Each structure stands twice: as structure tokens, then as C-alpha cells.
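Please look through the sequence and the model shown here before reading on.

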Amino acid sequence: MKAFYAQEQKRHDPRAFLSSGAAQPNPEKPERVERLLAGAKSAGYTIERPGNHGLGPVSAVHTPEYLDFLEHIFERWQRIDGASAEVIPNIHPIARNGSYPASAVGQAGYHMADTACPISGETWQSALWSAWSAVEAAETVMAGASGAYALCRPPGHHAFADVAGGFCFINNSAVAAQVLRRQAARVAILDVDLHHGNGTQGIFYARSDVLTVSLHADPVRFYPFFWGHADERGEGPGLGYNFNLPLPRKSADAAFLEALGVAFQRIRAFSPDVLVVALGLDAFEGDPFGGLSVTTPGFSRIGEAIAGLDLPTVIVQEGGYLCDELGDNLTAFLTGFGGKAR
Ligand SMILES: [Zn+2]
């Protein structure tokens with residue numbers, strides 16, 4: 001099966017990160033790419049470079065105001081006397097129904113949810129190529145492949161239509177889903193990252209053509225805190241098309257697979273034409289975030305279970321941070337996914 005990745009995706013190298021108020025090295029390191037590439041190759045995937053797909057597929061899920069901000073904010077930030085080396089917000093609107101700020105500092109607070117997504121001179125290009133990897137994987141599946149893997153880095157599922165957050169800038173899973181909508185009447189997104197896919201939920205919250213399902217550590221005491229609760233079910237025409245399955249901290253393979261069965265029931269009832277898997281590997285027991293306790297063989301079983309849905313599937317990389325097993329966990333998932341009836 002094919003995997004997509006472009007070397008420009010590795011250039012983004014965020015430094016700043018606050019954890020419980022303390023400055024820490026940013027965990028979304030370029031080295032993740034090397035581990036994930038090795039993991040995909042071990043699973044027998046061939047790595048191809050995506051084409052340049054322009055802004056069309058990205059602007060289909062993000063506002064032009066936000067994309068203009070992402071492209072130009074670093075240059076503007078550098079003109080501020082004494083500004084930090086990366087764009088980091090220090091003030092946020094408590095509601096976003098006021099006027100749009102004209103200043104770089106105001107716009108950073110408007111378009112960035114937290115301090116975990118610093119923007120440097122490389123960020124825009126890395127995020128664009130990451131999204132184009134997702135576009136290419138979606139087009140590969142539309143052309144008839146049973147599955148394809150997009151090595152998306154930076155990740156995307158915390159990015160809303162006009163807000164970056166949690167290491168994410170462009171929502172690659174949402175971009176893939178929207179590309180798939182060119183052919184498919186109904187697309188389901190299944191997010192198995194440790195963290196709730198709040199940006200993806202937000203983008204499709206009022207829509208009934210894209211079902212969003214997320215399994216994640218219970219946000220009652222975990223990022224992203226304000227989203228991911230079981231009572232968030234969609235709104236307007238999208239009511240009933242968003243499904244959250246928060247799991248108790250340290251839940252292991254059995255609990256995760258049981259919740260996955262519940263997610264499948266909802267996905268089958270939606271009868272999608274195609275599936276997007278937002279594949280975070282940070283639910284791993286040894287991941288630095290330590291939220292859930294899925295094992296390496298557990299990822300293989302998760303991949304196998306998802307293959308059992310028997311849907312054309314676009315796999316989009318989300319989280320999963322540096323630990324010895326990161327590459328092995330991707331290999332386990334992709335091998336489990338590919339091993340059944342494929
Ligand atoms: Zn995550």
C-alpha cells in the first residue's frame with residue numbers, strides 16, 4: 001500500500017511549549033518523522049511524495065482569513081520590537097463575537113488556541129505539505145485503492161476552521177474527508193488519538209454528511225478540556241452526527257477495543273462510503289503523555305478491527321510522540337490493518 005510524505009514537512013521545528021505553566025521542550029519534534037517513516041516501511045508501505053495541490057483543498061475547510069494569517073504572521077511578528085523567535089499568543093478573546101483585531105499580537109490570540117502551536121518561518125510550508133499528503137492519500141483511495149496512509153506532520157486534528165492549537169495548524173483529516181466528499185455522499189472520520197479531535201469535531205459539527213467519532217482520554221482532566229465530552233452530539237443539521245467516547249485514564253487494550261466496538265456500531269448505522277482514520281499513536285502505554293495504556297500488540301488489533309469495517313480507508317497520522325516504540329506502533333497498526341482481507 002502507498003504512504004505519502006514530503007521532506008518539507010520536517011522543517012517545522014517548534015521550540016516553545018507550556019505544560020501546567022512550566023516551559024518544556026515542544027514534544028512535536030521533527031524526529032517523529034524518521035520513526036514514522038521507518039514504521040511505515042517495515043509494514044511494507046512504499047513512500048511517495050505528494051503533488052502540490054494548491055490552496056483549494058485546504059480552503060475547503062479553513063477560512064481565508066485564517067489561511068492568510070498562517071501564511072504571513074511570522075513575517076509580521078518579526079517586525080515587532082523584542083518579539084519572541086516564534087509566534088506565541090499571550091492574549092485570547094474570551095468570546096469570538098467581537099471585532100477582528102488588526103495587530104499581529106491580537107490576531108495570534110484570535111487564531112491560536114494555546115501556546116502549543118508556535119509558528120516559525122517554516123511552519124506554513126510544513127503544514128501545507130502535510131495537508132497535501134492527506135489530499136494525495138484521499139485521491140489514491142478515490143482512484144480505487146482499499147487504503148492509503150498519509151504521514152501527516154505537523155498533525156491536524158486540534159485545528160478548527162480558523163484556529164490552530166495543540167501542535168496543529170491545518171486539519172489534515174478534515175481536508176482528506178472533504179476531498180473524499182467529491183465522490184462519496186457520506187464520509188466517516190474515526191479518531192483514535194489519545195486526545196479528543198476537537199478541531200475535526202468543530203469543522204463538521206453542524207453537518208450530516210461527515211460523521212465524526214472520537215475515542216480519547218476523558219477530557220474532564222485532560223487536554224483539550226473544553227471539548228470531547230459525551231454530551232457533544234452535533235448541532236442543527238449535524239445533531240446526532242458527532243459521537244464522543246471518553247475513556248478513563250490508563251484504559252488499556254480491552255477497554256479501548258470495547259469502545260471501538262461501540263464506535264463501529266455508530267459508523268455502520270451511518271453507512272459511510274469511505275472512512276478516514278485519524279491515527280494518533282499517543283494512546284500507547286509508553287507515550288510521554290501517559291494518558292492511556294494501549295500496547296504495541298493492541299495497535300495491531302485496533303488496525304485489524306478497523307479493517308473489519310471493510311471500507312475504503314484513508315489513514316491520516318495525528319499524534320504519537322518520541323518513545324522507542326513509536327515506529328513499531330505504526331508498523332503494528334498498519335500490519336494489523338493490512339493483514340485482514342486485503
Ligand atoms: Zn494526541
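Is S20 buried or exposed? With a relative accessible area of 83%, S20 is exposed, where exposed means over 50% relative accessible area, buried means under 20%, and partly exposed lies in between (1.4 Å probe, protein chains only). S20 is found in the loop between strand 2 (18-19) and strand 3 (22-23), and although S20 is not a glycine, it has a positive phi of about 50 degrees. The names of such elements come from DSSP runs, numbered from the N terminus, with helices (H or I) of at least four residues and strands (E) of at least two.

Some words on the source are needed here: this is a predicted model, in which local features need pLDDT of at least 70 and side-chain atom pairs count only at pLDDT 80 or more, while totals for chains, interfaces and linings use all residues. Residues are numbered from 1 along each chain as its sequence is written, and side-chain values use heavy atoms, with hydrogens and water left out.

We turn next to the metal. The zinc ion has as its protein donors D193 (OD), H195 (ND1) and D282 (OD), which lie 2.0 to 2.1 Å from it; donors are N, O and S atoms within 2.8 Å of the metal (3.2 Å for Na, K and Ca), and since water is not among the atoms, sites may look incomplete. Along the chain, these donors follow the spacing D-x1-H-x86-D. Because D193 lies in the loop between strand 6 (187-191) and helix 7 (198-204), and D282 in the loop between strand 9 (274-279) and helix 9 (296-307), the pair ties together parts that are 89 residues apart in sequence. Both D193 and D282 are buried.

Which residues are the closest to the centre of the largest pocket? That pocket has a volume of about 550 Å³, and of the 26 residues that line it, the closest to its centre are A113, F160, V163, F226 and W227. On a 1 Å grid over the protein atoms alone, a pocket is an open set of points with protein on both sides within 12 Å along at least five of seven lines, a cavity is a set of points where a 1.4 Å probe fits but cannot get out, and lining residues have an atom within 4 Å of a point. Grid points are joined across faces, edges and corners, and a volume is the space filled by probe spheres set on the points. Helix 7 gives the largest share of this lining, 4 residues, and the lining divides into 15 nonpolar, 7 polar and 4 charged residues. Here Ala, Val, Leu, Ile, Met, Phe, Trp, Tyr, Cys and Pro count as nonpolar, Asp, Glu, Lys and Arg as charged, and the others, Gly among them, as polar.

Leaving out residues up to four places away in sequence, F160 touches H62, Y66, N198, G199, G202, I203 and W227, where contact means heavy atoms within 4.5 Å. The loop between strand 5 and helix 6 also holds P154, and the peptide bond from R153 to P154 is cis, with omega near 5 degrees.

The second largest pocket has a volume of about 460 Å³, and of the 23 residues that line it, the closest to its centre are F17, L18, S19, A116 and Y223. Y223 also takes part in a cis peptide bond, the one from Y223 to P224, with omega near 10 degrees.

A search of the whole structure finds 1 cavity of 30 Å³ or more, and the largest cavity has a volume of about 50 Å³. Strand 7 (210-217) gives the largest share of its lining, 3 residues, and by class the lining has 2 nonpolar, 8 polar and 1 charged residues.

Finally, consider helix 5 (residues 123-142). Since 18 of its 20 residues are buried, helix 5 is largely enclosed by the rest of the structure. At 1.5 Å a residue, its 20 residues should span 28 Å, and the end C-alpha atoms are 29 Å apart, which agrees; the expected span is 1.5 Å times one less than the number of residues.
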